[in-house]
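Student: I am new to this structure and would like to go through how its chains meet, one step at a time.
Tutor: Then let us look at it together and begin with a pair of helices.

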Amino acid sequence: MSNNQTNNNSNLSFLERLMLLDRRWVFLVLALVVVSTYYIPMKVPVPASTEVRSIYDAVEGLKEGDKILLAIDYDPNALAELHPMTYAILEQCFRKKVGVIITSLSQNGPGMAEQAILDIVDSTALPRTYNGVSYPGREIINGVDYCFLGYRAYFELVITGMGQNFRTFYSRDYYDVLLDSIPIMKDVQNYDDIEMVIDISGSNVVDAWIKYAAARYDVKLALGLTGVMMTDYYPYLGSGRIFGLMGGLLGAAEYESLADNPGLAMDGMKVQVWAHITIILFILIANIGYFGTRKKRGL
Amino acid sequence: MKRQIPLALVILFGWLMLALYFIPLEGAQKINENLLDWTAIIGIFALALGIWSLISVNVDKIQYKKRDWPYSIVTLFGLFAMIVFGLKFGGADSMFQGQESYMFRHFFDDILIPIFSTMFSLLAFFIASAAYRAFRARSALATILLVGAIIVMIRFFPFIAEYTRPVADWIINVPNLAAKRAIWMGVGLGIVATGLKVILGIERSYLGRD
Amino acid sequence: MNPLLSFGDYLWMTFAAFLTLATFSFLYKDNPLYKFAEHLVVGVSAGYFVIILYYGSLKTQLVEKLINHEWVYLIPLVLGVLMWTRFNKKLSWVSRYPIAIYIGIATGLAIPLEMQTKVTEQLEAMMVYIQWNDLLAGGFWNYTNSFAALLVIIGTLAALIYFYFSKEHKGWFGGVATVGIWTLMLGFGASFGATVMARISLLINRVQFLDQWRINSVGSVHQEGSGSYTAIYWVVLLGMLGLLVVDLIRTKGKTETDLN
């Protein structure tokens with residue numbers, strides 16, 4: 001903008017000034033709202049939607065010794081929304097003595113997966129009560145209670161390959177142990193030997209799971225997705241290709257609340273409320289400014 | 001040599017994969033398995049190209065002292081530090097424990113995770129600023145979008161969730177589903193059409209020029 | 001400091017908190033601290049990928065096989081190495097061979113399943129029995145009743161018609177296309193609403209992390225000297241926001257475009 005216009009700014013009406021506001025004021029207000037409301041105690045009830053409940057029920061319905069595949073396919077940029085889902089599901093499985101086979105097909109995913117596994121192994125060591133059921137503390141053993149397969153390049157090929165044999169791509173796990181010597185993998189040949197796949201994903205790896213696992217090998221598949229992606233995958237829920245869907249922090253909070261295991265997602269929902277109010281106010285103010293100055297701008 | 005053979009390879013392997021999908025015989029599945037494995041191996045070498053070009057761009061910047069060249073040293077430091085910390089050799093008491101080593105884990109947990117997730121959290125500010133600047137009820141269509149967005153945003157608010165949640169769920173499961181289904185169908189048909197063009201040898205742009 | 005945390009781990013966490021704030025400083029303006037963090041993460045993530053790729057894929061899928069004398073794996077090795085001829089102008093055409101194989105396989109793999117998941121199954125999902133005598137079972141907002149199913153069918157077909165540009169959107173065709181664009185707009189609205197929540201979540205996570213750092217610094221609330229750590233936390237956080245306010249007031253009257 002020219003200097004000319006800058007000097008004229010003093011003659012502008014309030015509404016016009018509103019329209020020309022430095023965007024850093026917007027940044028500042030949002031930062032203040034998010035930081036300050038984090039310290040205000042407030043409870044946001046999160047009743048579960050059908051699509052989240054069906055995942056919870058499916059996991060809850062598993063028997064001791066059943067095995068599921070948990071695909072942790074996200075990078076640190078989606079950690080905020082997806083880590084809580086991973087934590088809640090892993091803890092639920094470990095408590096129920098359900099075997100978990102973990103893959104991570106995203107470039108920066110294995111580190112995230114390992115972080116989640118180590119944290120939940122620690123927390124499962126302590127006794128706790130969920131939904132009125134008491135679970136004693138239990139030592140979780142790598143290779144017996146879970147197996148972390150890690151990363152392999154080209155996820156579409158890997159997912160297809162696992163449909164025939166996990167060993168096609170994973171002759172060894174993340175810790176360099178031969179798959180044939182891992183107890184939990186002894187009777188696992190391919191998807192036929194596991195109950196379901198839950199894919200927690202922040203990228204297009206999820207499309208590959210839908211096509212190359214769910215459609216090609218008829219695997220029971222549920223998804224945990226970021227808020228950005230969640231609305232796009234409802235058609236698959238409608239067509240029955242997936243049996244459940246958790247979307248964004250709300251989906252994660254719903255799962256935490258169903259599992260009676262409050263974590264970072266439920267903790268964050270109160271801030272979410274205030275931040276959304278702020279953004280809606282921004283939209284309103286901007287629209288008032290827009291319509292108020294429309295005449296002057298000759299529209 | 002330069003064009004005909006690659007074209008033949010695409011057609012051959014394309015149809016082969018397509019055929020294998022419909023042949024449930026064990027022998028066929030074994031071929032399928034090997035093809036998948038080999039293709040992934042070939043692909044790994046392509047990924048190495050990306051790493052190589054990152055190194056050469058940054059070395060170039062340092063060598064010719066281009067703008068902001070000192071930061072290229074930081075990039076290369078991060079790259080090589082991570083590779084060295086991630087190496088695995090020696091016995092159980094060696095410092096090099098690969099992906100389980102102390103430094104490798106801390107570089108991931110305390111450098112990669114905080115910076116990446118903070119960089120993406122900046123988007124929260126930009127979406128707020130976009131809401132302020134661009135989200136105007138200019139027309140009927142823009143207003144529908146705005147109303148849909150706001151209902152979805154307030155669906156979990158305390159006190160009003162009882163009323164907004166069913167409406168938001170309806171929007172997500174009915175009009176949203178219809179819209180996204182139409183888009184997926186378009187995308188699906190597009191991919192199938194392009195795919196068929198590729199394995200029929202009609203689409204050849206991947207071969208490049210000359 | 002949190003007694004359960006080793007001093008080394010606490011220092012790492014403090015460094016992570018510093019990098020978080022350094023990255024946030026971009027909101028003020030592009031500056032050396034942000035550039036440092038940005039370039040560092042590019043390198044670290046590439047290095048991470050090298051290790052993951054080698055120990056995850058290359059070693060188990062290729063190197064070990066060759067060590068075990070499975071010579072047939074020389075074929076993918078040679079084809080893979082041919083990929084590198086891209087760097088040589090004269091030889092770069094050789095890299096088309098492996099690329100062609102990859103494209104052929106990926107395409108052949110995708111075609112039937114794209115058709116199945118995105119087209120036929122979606123059409124199948126719309127072939128539902130409509131209960132005309134009880135359209136609104138469970139109320140208007142119940143999205144599992146026949147009315148909703150009917151709306152999905154109409155909405156999908158209308159949206160498809162909107163994307164059909166070979167016929168001018170006029171008359172009845174235009175009318176249906178209008179229904180289509182309305183449906184699409186509601187869909188995009190839902191996406192936008194969910195996206196706002198997604199972006200805010202990322203910010204909340206960083207606040208949670210910084211607070212975790214504060215709690216770890218304090219150790220337990222009752223520990224002696226905990227007040228000073230909390231004070232430092234707030235001084236740093238409010239100090240950064242304060243600097244932004246000072247700068248905004250200093251440059252008052254200038255619009256953002258002037259500053260850039």
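Student: At roughly what angle do the axes of helix H7 of chain B and H4(C) cross?
Tutor: This is a predicted model, and in it helix H7 of chain B covers residues 175–199. The axes of H7(B) and H4(C) come within 8 Å, and they cross at roughly 150°.

Student: Is H7(B) roughly parallel or roughly antiparallel to H4(C)?
Tutor: The two axes cross at roughly 150°, and angles over 145 degrees count as roughly antiparallel. The crossing in which H7(B) passes H4(C) is left-handed. Because of that angle, H7(B) is, relative to H4(C), roughly antiparallel.

Student: How many nonpolar residues does the contact of H7(B) with H4(C) have?
Tutor: H7(B) contributes residues including B:Trp184, B:Leu189 and B:Ile199, while those from H4(C) include C:Ile103, C:Glu114 and C:Gln122. Sorted by class, this contact has three charged and six polar residues, and its nonpolar residues number 14.

Student: Which helix gives the largest share of the side of chain C that touches chain B?
Tutor: The contact between these chains takes 104 residues from chain B and 93 residues from chain C. On the side of chain C, the elements that give two or more residues include H2, H4 and H6 of chain C. The largest share, 22 residues, comes from H6(C).

Student: Which helix gives the largest share of the side of chain C that touches chain A?
Tutor: Here 58 residues of chain A are in contact with 48 residues of chain C. By class, the side of chain C has 24 nonpolar, 17 polar and seven charged residues. The largest share, 17 residues, comes from H6(C).

Note on methods. Residues numbered from 1 in each chain as written. Chains lettered and ligands numbered in written order. Predicted model: local features only at pLDDT ≥ 70, side-chain atom pairs only at ≥ 80, totals over all residues. Contact = placed C-beta atoms within 7 Å. Helix = DSSP H or I, 4+ residues; strand = E, 2+ residues; numbered from the N terminus. Axes fitted to C-alpha atoms, helices over the stretch in contact; angles between N-to-C directions. Parallel < 35°, antiparallel > 145°, perpendicular 65-115°, else oblique. Left-handed = near helix turned anticlockwise from the far one by under 90°. Nonpolar A, V, L, I, M, F, W, Y, C, P; charged D, E, K, R; others polar.
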